[in-house]
Amino acid sequence: GTARFSSPPGGACMVQMEWWRPRAPDPGEPMEVGSRRTVTIAGHEGSVVHGSTSGGAVHAAFVTADGYQARLEFESCGPGEVDSFLSGLREP
């Protein structure tokens, strides 16, 4: 599935979340990774990556857990907004 929303609501920081059960059908386009850090997302180890693709700069988070995989792309979000958003995620 896919969802797109602002964080906080009405703010400039936009988050697009995509998830698949059990895995993404393909890995997506290649990304040149500039930095990567490990984070906890909904109780699972994940990573936040800042890099670039043919479409430009990308700031994204990735998590793989039992039975699903998710990617969150951040647009116009600072590091604090990314961390705040990720700390609020919970599994249903």
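His59 counts as buried because its relative accessibility is 18%; buried means under 20% relative accessible area, exposed over 50% and partly exposed in between, with a 1.4 Å probe and protein chains only. The model is predicted: local features need pLDDT of at least 70, side-chain atom pairs count only at pLDDT 80 or more, and totals for chains, interfaces and linings use all residues. Residues are numbered from 1 along each chain as its sequence is written, and side-chain values use heavy atoms, with hydrogens and water left out.

His59 belongs to strand E5, which covers residues 56-65. Strands (E, at least two residues) and helices (H or I, at least four) are DSSP runs, numbered from the N terminus. Neighbours within four places in sequence aside, His59 is in contact with Val48, Val49, His50, Leu72, Glu73, Phe74 and Val82. Contact means heavy atoms within 4.5 Å.

Some values for the whole chain follow.

| Property of the chain | Value |
|---|---|
| Box filled by the C-alpha atoms, along the principal axes | roughly 30 × 30 × 25 Å |
| Buried residues | 33% of the 92 residues |
| Contacts joining residues at least 24 apart, among those between residues at least 6 apart in sequence | 40% |
| Accessible surface | about 5600 Å², 51% of it from carbon and sulfur atoms |

Accessible areas come from the Shrake-Rupley method with a 1.4 Å probe; for residues, only the protein chains shown count as cover.

A disulfide is a pair of cysteine sulfur atoms within 2.5 Å, and by this rule the count is one. The partners are Cys13 and Cys77, with their sulfur atoms 2.0 Å apart. Cys13 sits in the loop between strand E1 (2-6) and strand E2 (14-20), and Cys77 in the loop between strand E6 (68-75) and helix H1 (79-87), so the pair ties together parts that are 64 residues apart in sequence. The link of Cys13 and Cys77 is right-handed, with 95 degrees about the S-S bond. Both Cys13 and Cys77 are buried.
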